Amino acid sequence: MQLKKFTLVIFLFSAFYVSKVSAQVLTQEDSLSAGLINKQQATVISGYGEAKYGIDTKRKSAEASLKRVVLFLGHKFNNKISLFTELEVEDALVSQSGEGVAGKGGVSLEQAFLKFNLNPNTYLVAGLIVPRIGIINENHLPTTFNGVDRPFLEEQLIPSTWREVGVGLYGQFTQIPGLNYSLAVTNGLNSEGFSSDGGITGGRQLGQASNGMNLGVTGALLYYVGDFRIQASGYIGGSTAKEQRVADSLQLNSGPFGNPVSLGEMNVQYNKSGFAVRALGTIINIKNASAINRAFANNTPEQMYGGYGELAYDLLYPTHKGEKAFVIFGRYEYINLSAKVPSNGLQNNANEKQYIVGGFTYKPIRGIAIKADYVRRITGEFNQALIVTPFPQQIPYFKNNGFVNLGVAYNF
């Protein structure tokens with residue numbers, strides 16, 4: 001009910017302002033791809049990265065991490081066809097080092113696709129693509145969002161960076177300036193990786209060889225009007241990533257949309273004279289969660305939802321107009337990963353979460369961000385029945401906890 005009210009407020013707010021301002025196209029992509037558009041050379045190298053130092057105030061512990069370093073390599077074959085690739089290393093060290101230290105990180109391709117320009121308003125992509133859904137998934141450069149970490153909702157509910165193998169069509173409605181559309185068909189999810197506390201995040205297949213015939217379809221409408229960016233997107237896809245004989249043995253529906261997962265979201269962004277507002281609401285339904293739980297015993301929920309709102313102001317905007325920035329911000333997030341649980345699942349009130357985040361982002365030049373924030377996390381009680389083999393020195397769970405974070409980020 002809270003989500004429905006939240007989404008309705010966003011919609012009414014958007015509709016009111018759309019009716020009062022003139023249309024204006026301000027299209028910009030996360031890309032790193034801009035180098036192939038704005039520069040004449042055929043091949044472009046660029047990238048981004050971020051590092052974090054965080055303190056858990058209740059556990060009296062700290063962690064330092066080079067969260068990710070991403071290398072972008074793009075090539076323009078001609079004015080019609082281009083290649084985009086991003087190779088990501090997370091947490092600095094992947095395998096055993098020469099000093100005998102085991103790595104905790106990973107290496108993966110974040111994007112790898114060909115882009116075909118069909119006409120000035122339409123293009124097609126094919127390969128490992130990042131569908132247009134939410135705010136962060138497509139626009140995830142660490143210098144473009146406030147906070148040392150990405151918004152928690154867009155990691156726990158809408159998993160970022162969510163990429164799959166498929167094809168996508170992107171374009172503009174020429175009759176309505178500023179109105180853009182996208183439609184993508186990719187491989188689906190793997191419900192074996194779903195969980196109570198991680199939602200569908202563990203079900204992403206991320207371009208790996210996958211079994212089964214399941215598909216996913218993502219569609220979005222994106223409207224730039226005046227100082228607003230308004231988007232509504234949705235996803236529906238199968239989650240039985242098994243060949244039919246295996247699915248039958250697990251008593252799971254197979255086929256392109258077997259055991260479907262549906263996701264809907266709407267977000268609004270406003271930027272003017274140093275002020276910035278972001279708001280997003282989303283809901284996820286897993287129709288056959290009971291059958292998934294029976295097959296994999298992973299406590300998959302039937303429904304999850306959440307929303308967040310953020311307000312920010314650039315103190316240096318009056319004198320530097322965005323070339324240099326000192327942004328102060330505050331964000332409130334509500335997430336419920338166990339809004340509805342099937343009869344064969346266990347409710348965990350710790351999955352109902354609130355995050356109150358406040359801090360600053362300092363940008364001495366474009367492409368560099370120095371960040372600091374304080375996060376207050378408030379949750380329900382953890383269900384002890386979910387601990388199968390209790391450990392005598394079990395780490396205590398704090399329903400109300402605070403975190404202090406420092407970070408640096410770059411993109412070029």
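**Buried positions and nonpolar cores in the predicted model**

Gly134 counts as buried because its relative accessibility is 2%, where buried means under 20% relative accessible area, exposed over 50% and partly exposed in between (1.4 Å probe, protein chains only). The structure is a predicted model, in which local features need pLDDT of at least 70 and side-chain atom pairs count only at pLDDT 80 or more, whereas totals for chains, interfaces and linings use all residues. Residues are numbered from 1 along each chain as its sequence is written, and side-chain values use heavy atoms, with hydrogens and water left out.

Gly134 lies in the loop between strand E5 (122–129) and helix H3 (153–156); helices (H or I, at least four residues) and strands (E, at least two) are DSSP runs, numbered from the N terminus. Although Gly134 and Glu265 are 131 residues apart along the chain, their C-alpha atoms are separated by 6.6 Å. Leaving aside residues up to four places away in sequence, the contacts of Gly134 (heavy atoms within 4.5 Å) include Glu154, Gln231, Glu265 and Leu280.

The largest nonpolar core has 35 residues, of which Ile200, Leu263, Ile284 and Ile286 touch the most other members; such a core is a set of buried Ala, Val, Leu, Ile, Met, Phe, Trp, Tyr and Cys residues joined through side-chain atoms within 4.5 Å. Among the elements that each supply at least two residues of this core are strand E11 (275–286) and helix H5 (289–296), while the largest share, five residues, comes from E13.

The buried residues of H5, namely Ala289, Ala291, Ile292, Asn293 and Phe296, pack against E11. H5 is followed by Ala297, whose phi is positive, near 50°.
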